[in-house]
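Please open the structure in a viewer and keep the selection panel at hand. The stops below may be taken in order.

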Amino acid sequence: MFDGYTTSEVMSIFAMQGFAGLSLFSVFVLMALGLAIIFGQMGVINMAHGEFMILGAYTTYLTSGFFQSYLPSLFGGYFFIAMILAFLVCAALGALVEWLMIRRLYHRPLDTLLATWGLSLIMQQAYRSIFGAREVGVELPEWMLGAFNVTDLVQLPINGLFVMIIALLIAGGLYLLMYRSGYGTKVRAVVQNRPMAEAVGINSAGIDRATFALGCGIAGVAGAAFTMIGSTGPSSGQAYIVDTFLIVVFGGAQSLIGTIVSAFGISQAQSTMEFFMGGSMAKVLTLLVVVGILMLRPEGLMALKVRR
Amino acid sequence: MKMNKQSTTGGTTGRWGLGRFKLLAASLVLAATANAAAPPTEEVNTTGLAVTDDTVTVGILHSITGTMAISEIGSVQAEKLAISQINEAGGVLGRQVEYVQEDGASDWPTFAEKARKLLRQDNVAAIFGAWTSASRKAVLPVIEQYNGMLYYPTFYEGLEQSPNVVYTGQEATQQILASLNWAAEEKGAKTFYLLGSDYIWPRTSNKIARKHIEDMRGLKVVGEEYYPLGHTQFNSVINKIKLRKPDVIFASVVGGSNVAFYKQMKAAGFDFTEEDPLLLTISVTEDEIRGIGGENVEGIYASMKYFQSLDNPNNEEFVAAFKEAYGDDMVIGDVTQAAYLGPWLWKAAVEKAGSFDIDKIREEFAGIEFNKAPEGYVRIHENHHLWSKTRIGQAQSDGQYKVVYETEELMEPDPFPEGYQ
C-alpha cells in the first residue's frame, strides 16, 4: 500500500491518521457523555438523545442567523454564545421532560425506553414542521474553516481541533462536578443507595431532575459543536444514536471513565481499520469485536462493583 | 388523505398559489361548460379508472415524513405545480386533474401498501412517485400486479425496465459516461478515486464507472470505497485521498453524509476551485447544497441533466413559476425537474392515445416528445427511459451551478449496458 511513497509522505499520513483517530475520539466522547450521565446515574435510557443534540444544532443555526442580521460585527464569536444557549435550551427542555414524563416512569426501564423513543419521534416531527424537512446550512465564521498547515503534507483541520478542545473542557468540567462538588457527592450517594441518601436529607427527586437536565444540556453542546462537521436536519440525530449507545454500553453503564476508555478504543480501532480496508468493513469488524467482548463481559469494560 | 381537490367551487387548499386559485376558480367554471367537447367517459376509460366527465384523478406517492422527506419534498412540489399548470391549460382530454396524495413515510413496505391503496381504492390513472431505488423496488410488484403506471423521477442505477414504469430521470450510463469522458478529454484526468455511500446506486454506478475508466479509456482507478449511509466521519478516507493523489474524486455520497464529507474535505485543506484533485459528483444537486453550504462545495463539478441555472426560455418560465408557487428562496435540483416532467409526459401520452387506459397509453410512449421541458427537450425511448442531454455544472459559492459543458446530442438511455455488467 505504501510502495512508491517517500518516508516523509508516509510519516505525514500516519500523523494525520493519528489526528483523525483523536478527532473521532473527541466526537465520540462528546456524543456519549450526556447519555452516559443519564444512563449511568439514573438508569434511564434516553432514546431521544440524538434529538436533543439536534436541538442544540438548531439553536446554533438560529443564533447564527440572529448574529448575521443584527450583530454582524460580532459574528466571529457567535459560536461560543450559541453553545451556551444550546446548553441552556436543551437543559431546560430536559428538565421539563423529566418533570412531565420520566419521573413517573422510574423503576420501569422498558417504559422509559418506549416513552423517550416516542419523544424522539415527536421532536423530529416538530423540527420538520418548524424548520422544514430539508437540512439547514449553519454558517460558520471564517476563522473556523480551513486547516493549520503544520508542514506541506500535514494539515490539521481547525474544526477537528475545536471539537477536541470542547470535548476536553466538558469531560474535565464533568469530572470536577461529579467528584469534587457537593452536587456530585449527592448524585453518587443517590446512585449507590437511594433510600439511605433520602434518609440523610438528600432531595433525590431534585437530583434526578438536575442530572437529566445536565445530560440533555451536554447533548445540546455536542449538537452545537457538530454543526461544524455534520448535517443539521430533522432526522440527523439518528446518525449518532447507534454509536452513542455502543460506546456507553461497551464502557460499562455506570462509569464515566469507562465511557471515555470505550470511546478511545472504538475510535482508534475504527479509524485505523477505515484506513486499511474501507468504511463499511471497518464498521462491521468494530461491531463484531464489541459484540464479542460484551459476550465475555456483559457488564462492559469498567463496571462498578456493587452488591446487588 | 385527499388534499387540494381542484373543483369548480374553488375551495382549494394546499401550499401553492392560493391566491391564483381564486382567479382560477372563475375560469374553471368556464372550462367546465366548455367540456362538452371532451370525448365521452365510456370511450376514454374502459378499465374503471377514476375518470368522470370532467375530472381525472392521479396519485402522488412520496415521503413527506421520515428521513427521505428532505429529498422528496421537491418532487411533490414539482408534480403539484405541473398538475396545476395542466389544469390551467385545460386539463387532460378536457378533464381537470385532481390528485390524491399519500405519504410513503420513508418506509418501503408503506410505499407498497399506499401504492396498492391508490390503485385499488382510488383507481388513480397514474402514480407520480417513489424516490429511492428501494421504494421503487417495493412499489414495482404492486404496480405490475394491478397494471398501474408509475412515473419515477430519480436518476438511478438502471438494470430495470418495467412495462409499468416511465423513468423520467437518467439511468446510470447517461449520467456517468459523458462525465468521465469530459474529465478525461477536457481536464486530462488519468487517475480516479471512486467514493460512495454503501447501497445499490453508488455501487452499480461505480461498477459502470470503473469499467469505463479501465476498459474503455485505459485509465486508472486508484481507490474505490463505500461508507455506511449516515456515516459522519470521513477523515480516514480524506487521508487516503491525500496519499493516492488522484486527478479526480468521483463521488456518490448521499444524504446527511454529504454534508459531513464536504465540510470535512474543506476543513482538511481541499480547495476545489484549484481542481487538484478535481471533484466530480453525481449526487449533489442544488437541494443538497442548501444543507452543505455553498462555501464548502465551491468549485466541485456535478454531472446531471438539469441545473436550475440552465439558460433557456422553458427553464426561465419553470423557475419563475416554481418560485411564485413556493417562495423565492426555493432551489430546484435535477430530480425536482424530472418529477415536473412526469405529469406532462402522462398528459402527452393520454392525448396521443385518446384514452386513459393504461394498455393503450403504453403503446404510445415510444417517441413522445416534450418541447416545454425545463431541461430543453426530451423524448421517450421505447425502453421507457428518456433521451436527454447530460451536463456538467461547476458549483458556485451562492449554491448554484454554472454549466460548463453539455453533450451535443441527446444521450440514449441504456438501462442494460452491454460490456458494463
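Residues are numbered from 1 along each chain as its sequence is written, while chains are lettered from A and ligands numbered from 1 in the order in which they are written. The model is predicted: local features need pLDDT of at least 70, side-chain atom pairs count only at pLDDT 80 or more, and totals for chains, interfaces and linings use all residues.

**Chain B as a whole**

Select chain B, which has 14 helices and 15 strands; helices (H or I, at least four residues) and strands (E, at least two) are DSSP runs, numbered from the N terminus. Its radius of gyration is 22 Å, close to the 22 Å of the globule rule for 421 residues, so chain B is as compact as a globular protein of that length. The radius is taken over C-alpha atoms, and the rule is 2.2 Å times the number of residues to the power 0.38. The C-alpha trace of chain B spans about 70 × 45 × 40 Å along its principal axes.

**Strand 14 of chain B**

Next, select residues 391-395 of chain B, which form strand 14. Five of the five residues are buried, so this strand is largely enclosed by the rest of the structure. A residue is buried if 20 or more other C-beta atoms lie within 10 Å of its own, exposed if 12 or fewer, and partly exposed in between, with C-beta atoms placed from the backbone. In a regular strand the side chains alternate between the two faces of the sheet. Here B:Arg391, B:Gly393 and B:Ala395 lie on one side, and B:Ile392 and B:Gln394 on the other.

B:Met304 stands opposite B:Arg391. In the hairpin of strands 14 and 15 of chain B, with five residues between the strands, B:Gly399 takes a positive phi near 90 degrees.

**Where the chains meet**

Show chain A as well. The contact takes 35 residues from chain B and 40 residues from chain A; residues are in contact if their C-beta atoms, placed from the backbone, lie within 7 Å. Elements giving two or more residues on the chain B side include helix 3 (69-88) and strand 7 (220-227) of chain B.

**A span of chain A**

Finally, select residues 275-296 of chain A, one of the spans that an unreviewed UniProt entry lists as "transmembrane region". UniProt positions follow the numbering used here, feature names are shortened, and annotations may be inferred rather than shown by experiment. The end C-alpha atoms of this span lie 28 Å apart, and the span is 95% helix and 0% strand.

Methods:
Pairing = 2+ DSSP bridges. Contact = placed C-beta atoms within 7 Å.
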